[in-house]
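Below are my notes, in the order I looked things up.

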Amino acid sequence: MADDYLVRIGKLIRDARQHRGWTQTQLAEALGTSQSAVNRIERGNQNISLEMIARIGEALDSEIVSLGYAGPMHLRVVGGRRLSGSIDVKTSKNACVALLCASLLNKGRTVLRRVARIEEVYRLLEVLNSIGVRTRWVNGGVDLEIVPPVELNMAAIDADAAVRTRSIIMFLGPLLHRMDRFKLPYAGGCDLGTRTIEPHMIALRRFGLDVAATEGQYHAVVDRAVRPGRPIVLTERGDTVTENALLAAARHEGVTVIRNASSNYMVQDLCFFLEALGVRVEGIGTTTLTVHGVPTIDVDVDYSPSEDPVEAMSLLAAAVVTESELTVRRVPIEFLEIELAVLEEMGLDHDRTPEYFADNGRTRLVDLTVRPSKLEAPIDKIHPMPFPGLNIDNVPFFAAIAAVASGKTLIHDWVYDNRAIYLTDLNRLGGRLQLLDPHRVLVEGPTRWRAAEMMCPPALRPAVVVLLAMMAAEGTSVLRNVYVINRGYEDLAERLNSIGAQIEIFRDI
């Protein structure tokens with residue numbers, strides 16, 4: 001039994017070392033020991049003290065063994081199984097986090113229906129609770145009730161929760177209406193390269209917000225005399241940038257015009273929610289939004305965010321990669337039309353139902369049935385564009401899809417610095433992906449997937465792509481430390497199991 005534990009600990013150490021990109025010699029140097037000792041540890045052939053395990057974990061910036069509390073969650077995947085039946089798409093993760101931030105605009109009670117119960121939402125709730133906002137799950141834990149205090153206690157903010165989510169950046173827009181000075185911890189979230197807050201500031205300075213970043217915090221000061229006198233032109237058509245501008249404009253008394261705005265799904269949901277709060281928004285679905293703000297919002301509001309097109313794409317990709325027939329219900333078709341057009345070009349066999357409305361009464365949904373198909377690489381490269389183009393978050397799924405298609409596919413992720421690099425983790429599972437530069441990867445298929453044990457990439461969508469490939473690979477794979485997946489997907493393993501996957505959740509010893 002002791003030998004078995006040593007082997008398991010050795011595998012954890014090896015995976016953490018490889019994920020950091022270190023050789024055994026580099027780890028040995030960090031520990032002040034020899035390469036041969038590290039080799040014996042990783043093979044499970046050497047007794048190892050808790051002190052040494054702690055030193056290794058510190059050197060690799062990775063938790064190896066947890067003591068006294070639940071450690072990182074891992075997935076054990078038995079692949080090569082066909083999926084079948086049907087599965088519903090859950091509400092949008094990105095819309096839910098935007099609406100949580102938007103609830104700070106309202107002095108009244110906000111109820112959000114069918115909120116995604118994911119780590120990103122939990123972190124934001126921890127932040128909201130720490131500053132005095134009362135939240136509770138109602139209707140059997142399906143819906144979320146939010147009641148703000150008269151005054152927010154920003155001095156008590158839960159910094160640990162805040163730095164684990166990039167969504168905290170969207171507190172800037174609402175908070176500038178509630179206080180003249182405040183501090184926010186630096187935004188965190190996925191490791192996707194350098195992402196500056198400057199595009200946010202270009203919009204928010206027009207409302208008198210000035211931010212200095214020092215000592216791990218954003219120090220914000222609001223000048224009430226500054227008001228936007230002409231249209232705000234966003235320098236990047238980003239989703240959170242547009243949302244922050246909308247949140248700032250919502251309680252600015254007067255008319256604010258936002259140009260080069262994102263018209264993506266989460267922005268539209270936020271606009272629908274603002275309308276429920278009494279804020280008139282013209283141009284929803286276009287790149288020019290005209291916001292008729294109100295100085296005070298004090299209403300009891302009940303709103304249902306729409307379904308998540310990126311989760312829908314994840315489920316479609318799962319069917320394609322595992323060569324399964326699967327029906328994905330409640331797909332927000334408006335935000336997947338380009339992706340489906342590309343898949344049709346590649347040879348995907350599918351059909352769809354007539355359109356019907358989501359619970360918000362605005363977003364168009366369909367049910368999609370996907371069947372096993374002989375796919376060919378697309379003629380053109382796969383690359384994202386602002387809506388209505390191919391969604392940036394759906395690009396990674398085409399890496400797995402291209403890997404099962406015949407031919408070579410160029411994927412160009414020009415937005416994020418690192419995500420193309422993470423996609424090459426598919427090579428551990430038998431993929432043939434060639435990294436051309438940090439933004440471009442060439443995928444050659446078809447692929448004969450093989451099982452492997454590996455660390456989860458530190459970015460949400462590439463992590464799910466690796467999981468899908470494991471589901472297609474014959475044999476048993478292990479994906480370690482899947483917190484990043486839980487940030488964006490609710491009960492993903494259990495839901496995939498309900499349609500035929502075999503995924504076991506487990507934790508470290």
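**Loops, a helix pair and a cavity**

I started with a proline, P388, and placed it in the loop between β17 (364–371) and α14 (395–403). I kept in mind that this is a predicted model. I checked the peptide bond from F387 to P388 and found it cis, with omega near 15°.

I then went to P446. It lies in the loop between β20 (440–445) and β21 (453–455). Here G445 and P446 are joined by a cis peptide bond, and I noted an omega of about 5°.

Next I looked at backbone phi. What is phi of N260 near? I read a value near 60°, which is positive, in a residue other than glycine. I located N260 in the loop between β10 (254–259) and α11.

**The α10 and α11 pair**

I followed that loop on into the helix. Two packed helices are described by the angle between their axes and the distance between the axes. I looked up both for α10 (residues 239–250) and α11 (residues 265–276): the axes come within 9 Å and cross at roughly 10°. Angles under 35 degrees count as roughly parallel, so I logged α10 and α11 as roughly parallel to each other. I also logged the handedness of their crossing, which is right-handed.

Which residues make the contact? From α10 I listed D239, T242, E243, L246, L247 and A250. From α11 I listed M266, V267, L270, C271 and L274. I sorted the contact by class and got eight nonpolar residues, one polar and two charged.

**The second largest cavity**

How many cavities of 30 Å³ or more does a search of the whole structure find? The search gives two.

By class, I noted four nonpolar, three polar and two charged residues in the lining of the second largest cavity.

I came back to α11 when reviewing the page. It contacts α10 through residues including L270 and L274. The loop between β10 and α11 holds N260, the residue I had flagged for its positive phi.

Methods
Residues are numbered from 1 along each chain as its sequence is written. This is a predicted model: local features need pLDDT of at least 70, side-chain atom pairs count only at pLDDT 80 or more; totals for chains, interfaces and linings use all residues. Side-chain values use heavy atoms; hydrogens and water are left out. Axes are lines fitted to C-alpha atoms, for helices over the stretch in contact, and angles run from 0 to 180 degrees between N-to-C directions. Helices (H or I, at least four residues) and strands (E, at least two) are DSSP runs, numbered from the N terminus. Angles under 35 degrees count as roughly parallel, over 145 as roughly antiparallel, 65 to 115 as roughly perpendicular and the rest as oblique. A crossing is left-handed if the near helix is turned anticlockwise from the far one by less than a right angle, and right-handed if clockwise. Contact means heavy atoms within 4.5 Å. Ala, Val, Leu, Ile, Met, Phe, Trp, Tyr, Cys and Pro count as nonpolar, Asp, Glu, Lys and Arg as charged, and the others, Gly among them, as polar. On a 1 Å grid over the protein atoms alone, a cavity is a set of points where a 1.4 Å probe fits but cannot get out, and a pocket is an open set with protein on both sides within 12 Å along at least five of seven lines; lining residues have an atom within 4 Å of a point. Grid points are joined across faces, edges and corners, and a volume is the space filled by probe spheres set on the points.
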